[in-house]
Amino acid sequence: MSQLEKVIVFDLNNEEYGIPVKHVKSIEKIQFITRVPKVNDYVKGVINLRGVVTPIIDLRLRFNFAEKEYGDRTRIIIVSFEDKEVGFIVDSANDVIDIDRESIETAPEVVGEQEHDYIEGIAKIDKRLLILLNLEKVLEMSLEVEPNAVEVK
C-alpha cells in the first residue's frame with residue numbers, strides 16, 4: 001500500500017521544490033523586512049508576523065543562486081520545525097500536491113556534497129521532477145540568527 005505525503009510546491013530559480021505541508025504554518029506575500037546587522041547575506045532580517053518575530057532567509061541566496069528582485073509572485077513560506085520557526089523567500093508558491101513516498105528517489109551522487117545535504121530526495125510526478133528539501137538541514141545550516149533572539153519592544 002502506498003503512503004502519500006502532502007507537500008507545498010514552490011519555484012526557485014526555475015526549478016520546483018517541495019516542503020511537507022505538516023511543517024508549513026502559512027504562505028505570506030512579501031512584506032517589509034527589518035535588517036539585522038552582522039548576519040550572512042541570505043538572512044534578509046526579521047518580520048513581525050502576528051506578534052512573532054520571525055527570521056527570513058532568501059533561499060535563492062542560501063543556495064548560491066543569483067539574486068532576483070522580488071515581484072508580485074514572490075512569497076514567504078513560514079515553516080516550523082522542532083523549536084524553530086523561519087520564513088523562506090521563494091520565487092512563487094504554486095500548489096499543494098500528494099506525493100507517493102515510493103516515487104521519491106535519493107538525490108544522485110553528481111550533486112555537490114553541501115547541496116546534497118539540503119535535498120531529502122527527488123520525486124517523479126508524471127513528467128515533472130520535484131526536489132524535496134530536508135528542512136532540518138536547511139534550518140541547521142541557515143540559522144545564524146536564532147528565532148526569538150531579537151526582541152520586539
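**View 1. Arg 62 over the ring of Tyr 42.** Arg 62 lies over the face of Tyr 42, 4.4 Å from the ring centre. A charge sits over a ring if NZ of Lys or CZ of Arg is within 6 Å of the ring centre and within 35 degrees of the ring normal. This is a predicted model: local features need pLDDT of at least 70, side-chain atom pairs count only at pLDDT 80 or more, and totals for chains, interfaces and linings use all residues. Residues are numbered from 1 along each chain as its sequence is written, and side-chain values use heavy atoms, leaving out hydrogens and water.

**View 2. Aromatic pairs.** The structure holds 4 aromatic pairs. One of them, Phe 63 with Phe 65, is edge-to-face, at 6.2 Å centre to centre and 80° between the planes. Rings of Phe, Tyr and Trp (its six-membered ring) pair if their centres lie within 6.5 Å; planes under 30 degrees apart count as stacked, over 60 as edge-to-face and the rest as tilted. Phe 63 is buried at 10% relative accessible area. Phe 65 is partly exposed at 23%. Buried means under 20% relative accessible area, exposed over 50%, partly exposed in between (1.4 Å probe, protein chains only). Ring pairs link Phe 10, Tyr 17, Phe 63, Phe 65 and Tyr 118 into a cluster.

**View 3. Nonpolar cores.** The largest nonpolar core has 31 residues. Phe 10, Ile 19, Leu 59, Phe 63, Val 79 and Phe 88 touch the most other members. A separate second core of 9 residues includes Val 7, Ile 125, Leu 130 and Leu 132. Such a core is a set of buried Ala, Val, Leu, Ile, Met, Phe, Trp, Tyr and Cys residues joined through side-chain atoms within 4.5 Å.

View 4. Glu 85 and Lys 25 meet in a salt bridge, 2.8 Å from N to O. Glu 85 is in strand β7 (residues 84-90) and Lys 25 in strand β3 (residues 24-29), so the pair ties together parts 60 residues apart in sequence. Glu 85 is buried at 17%; Lys 25 is exposed at 52%. Glu 28 bridges to Arg 50, with the closest N and O atoms 2.9 Å apart. Glu 28 is in strand β3 and Arg 50 in the loop between β4 (43-49) and β5 (52-58). A salt bridge is a side-chain nitrogen of Lys or Arg within 4 Å of a carboxyl oxygen of Asp or Glu. Strands (E, at least two residues) and helices (H or I, at least four) are DSSP runs, numbered from the N terminus.

**View 5. Asp 91 and Arg 60.** The side chains of Asp 91 and Arg 60 form a salt bridge (2.9 Å, N to O). Asp 91 is buried at 15%, and Arg 60 at 7%.
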